[in-house]
Amino acid sequence: MQDTSLIFIGIAAAILLLFFFKNVFVVKQSHAFVIERLGAFHKVWGVGFHVKLPFFDRISKRVSLKEQVLDYPPQPVITKDNVTMQIDTVVYFQITDPKLYTYGVELPMVAMETLTATTLRNIIGDLELDQTLTSRDIINTKMRVILDEVTDPWGIKVNRVELKNILPPADIQNSMEKQMKAERDRRQAILQAEGQKHSAILVAEGEKESAILKADAEKQAAILKAEAEKQSKILKAEGEAQAIVAIQKAQADALKLLNEAAPNDQVIKLKALEAMQVVADGQATKIVIPSEIQGLAGLATGIVEAAKK
């Protein structure tokens with residue numbers, strides 16, 4: 001009997017240990033457990049060591065608090081100008097309240113996908129094709145704001161929404177490619193024309209500058225030539241003036257010396273005769289000799305003829 005009781009005690013201890021270890025949990029970092037007691041919400045276990053009350057407590061949901069990504073497949077959407085496109089969306093979200101996430105909505109991931117699809121259709125339905133292709137940032141922002149507002153009661157925080165691909169129909173893609181090629185050709189032609197225009201302007205400006213420099217050079221040469229001629233005339237006039245002054249000075253000096261020598265009448269008449277001789281060297285055909293020096297002139301003539309014999 002004693003052996004039997006020991007066996008029962010051992011079995012009971014093993015069962016207790018088994019129950020203990022099965023009701024002990026360690027919650028890891030960035031995770032949370034939602035605990036129910038007797039079918040009602042009891043608490044949220046955070047990071048650390050926890051013990052569950054057997055038969056009364058139940059782990060309702062294990063929640064990851066990390067940022068998660070939902071990549072939805074392409075779905076058809078219709079623009080305001082009735083163009084059907086295929087758009088796939090990527091949603092980055094994070095669970096901030098495990099209790100609301102557990103009890104706020106049934107199947108939260110399915111609800112997120114449906115909400116994303118309907119929101120995308122509503123936004124694209126208000127835009128035309130060109131606006132849709134060029135307004136990714138606007139669409140992303142609008143979707144993030146709407147999704148974050150709607151999912152807040154579900155304990156979900158939508159951090160970012162991205163449109164991964166926007167695929168128009170094949171015929172529209174071909175038309176867009178042709179339009180883009182025509183636009184590139186137009187821009188190339190404009191750039192080439194602007195380059196030619198700029199080159200022509202530079203050539204014209206160069207020719208203008210060259211003409212201005214040439215005219216300035218010719219002007220400077222003419223000024224220098226005129227200055228040289230002016231200087232030459234000034235120097236010539238100064239030379240002639242200096243010669244006249246020298247002659248006048250010489251004559252004055254001669255008269256001074258003559259006056260200092262106290263010449264007699266015969267010398268004065270001889271000087272007058274020399275002056276008349278100088279006058280005779282000109283172009284005059286008739287010379288009037290004063291009576292005072294006529295006798296002296298005749299005497300001088302006779303002396304000359306006697307000297308010749």
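In what order do three strands form an open sheet, and is the pairing parallel or antiparallel? The order is 3-2-5, and the pairing is antiparallel.

## The model and its conventions

This is a predicted model: local features need pLDDT of at least 70, side-chain atom pairs count only at pLDDT 80 or more, and totals for chains, interfaces and linings use all residues. Residues are numbered from 1 along each chain as its sequence is written, and side-chain values use heavy atoms, with hydrogens and water left out.

## The chain as a whole

The chain has eight helices and nine strands. Helices (H or I, at least four residues) and strands (E, at least two) are DSSP runs, numbered from the N terminus. Of the 309 residues in the chain, 21% are buried. Buried means under 20% relative accessible area, exposed means over 50%, and partly exposed lies in between (1.4 Å probe, protein chains only).

Take the contacts in the chain with a separation of 6 or more: residues 24 or more positions apart account for 63% of them. A contact means heavy atoms within 4.5 Å.

Strands of a sheet pair through backbone hydrogen bonds, either parallel or antiparallel. Here two strands count as paired if DSSP finds at least two bridges between them. The open sheet runs 3-2-5. Strand 3 (40–45) and strand 5 stand at the edges, each with a single partner strand, so one side of each has no neighbour in the sheet. On average, neighbouring strands of this sheet are turned by 25° against each other, direction ignored.

Strands 2 and 3 pair in the antiparallel sense over five bridges. Arg37 has Ala40 of strand 3 as its bridge partner. The two strands also form a hairpin, with two residues between them. Leu38 sits in the turn and has a positive phi of about 55°.

Side chains of opposite charge can pair when their charged atoms come close. A salt bridge here is a side-chain nitrogen of Lys or Arg within 4 Å of a carboxyl oxygen of Asp or Glu. The structure holds eight salt bridges.

One of them joins Glu36 and Arg58, with the closest N and O atoms 2.6 Å apart. Glu36 lies in strand 2 (residues 31–37) and Arg58 in strand 5 (residues 57–64), so the pair ties together parts that are 22 residues apart in sequence. Glu36 is buried at 9% relative accessibility. Arg58 is partly exposed at 46%.

Asp57 and Arg37 also meet in a salt bridge, 2.5 Å from N to O. This pair links distant parts of the chain: Asp57 is in strand 5 and Arg37 in strand 2, 20 residues apart. Asp57 is buried, with a relative accessible area of 7%. Arg37 is partly exposed at 32%.

Glu183 forms a salt bridge with Arg187. Their closest N and O atoms are 3.3 Å apart. The two residues are four apart in helix 6 (residues 170–260), so about one helical turn separates them. Glu183 is partly exposed, with a relative accessible area of 28%. Arg187 is exposed at 52%.

Asp88 lies in strand 8 (residues 84–95). Asp88 is buried, with a relative accessible area of 5%.

Leaving aside residues up to four places away in sequence, Asp88 touches Tyr72, Pro73, Pro74, Glu162, Leu163, Lys164 and Asn165. Asp88 and Glu162 are 74 residues apart in sequence, and their C-alpha atoms are 8.8 Å apart in space.

## Helix 3 against helix 5

Two packed helices are described by the angle between their axes and the distance between the axes. Helix 3 (residues 108–125) and helix 5 (residues 136–151) pack at about 140°, with their axes 10 Å apart. That makes helix 3 oblique to helix 5. Axes are lines fitted to C-alpha atoms, for helices over the stretch in contact, and angles run from 0 to 180 degrees between N-to-C directions. Angles under 35 degrees count as roughly parallel, over 145 as roughly antiparallel, 65 to 115 as roughly perpendicular and the rest as oblique.

The contact involves Met112, Leu115 and Thr116 among the residues of helix 3. On helix 5, the residues include Ile139, Lys142 and Met143.
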